[in-house]
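Please look through the sequence and the model shown below before reading on.

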Amino acid sequence: VITGFLGCCGAVKENYCMVTTFAVLLGIIFVLEIIAGSIGFAYRGKVKETADKGLERAIENYETEKGAKDFVNWVQTEFKCCGVDGPASWKGSVPESCCADDVKNCTAVSAHQDGCLVKFEEFVEDNLVVIGAVAIAIAFIQLLGIVFACCLMKAIKSQYEVV
């Protein structure tokens, strides 16, 4: 909010200090985004571990937490899978979301035999590409903002020198 205020007011009022502060803040934000992206890229291998733990924890808390139940039901319905590694992941009865819509009584035999872990990992990894593409687009727009702010700074400074 402050960055946007400095950029807008600095441009409208043709205030050199505000436009300079805007450009510097955009530069700092840009560097922080590059650092965050680098850290995310370095730890991309942890996606599997995190997905595995999250899915197992959701299945453990299926009966007690509504959020876990909704998440597991969504994953199993969306990816047409059952449990972490298959229906054996469920200690007791298999939930309805493990089976196709046309199955009345869902059992381990009638449930989808594929586990959800591999399918969920693929989903997360596929979406990481989309997230990366959006981040690159935002970074490009920020660079344009920095370049235009610097051009405006130069124009404001040269206007003051003429007078």
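How many aromatic pairs does the count come to? Rings of Phe, Tyr and Trp (its six-membered ring) pair if their centres lie within 6.5 Å, with planes under 30 degrees apart called stacked, over 60 edge-to-face and the rest tilted, and by this rule there are four aromatic pairs. Helices here are DSSP runs (H or I, at least four residues), numbered from the N terminus.

The model is predicted, so local features need pLDDT of at least 70 and side-chain atom pairs count only at pLDDT 80 or more, while totals for chains, interfaces and linings use all residues. Residues are numbered from 1 along each chain as its sequence is written, and side-chain values use heavy atoms, with hydrogens and water left out.

Buried means under 20% relative accessible area, exposed over 50% and partly exposed in between (1.4 Å probe, protein chains only). Tyr62 counts as buried because its relative accessibility is 8%, and Trp90 is buried at 10%. Trp74 and Phe79 also form an edge-to-face pair, because their ring centres are 5.7 Å apart and their planes at 75°. Of these two, Trp74 is partly exposed at 37%, whereas Phe79 is buried at 13%. Ring pairs link Trp74, Phe79 and Phe123 into a cluster.

Finally, Leu32 is found in helix H2 (residues 16-42) and counts as exposed, because its relative accessibility is 52%.

Definitions and conventions
Helix = DSSP H or I, 4+ residues; strand = E, 2+ residues; numbered from the N terminus.
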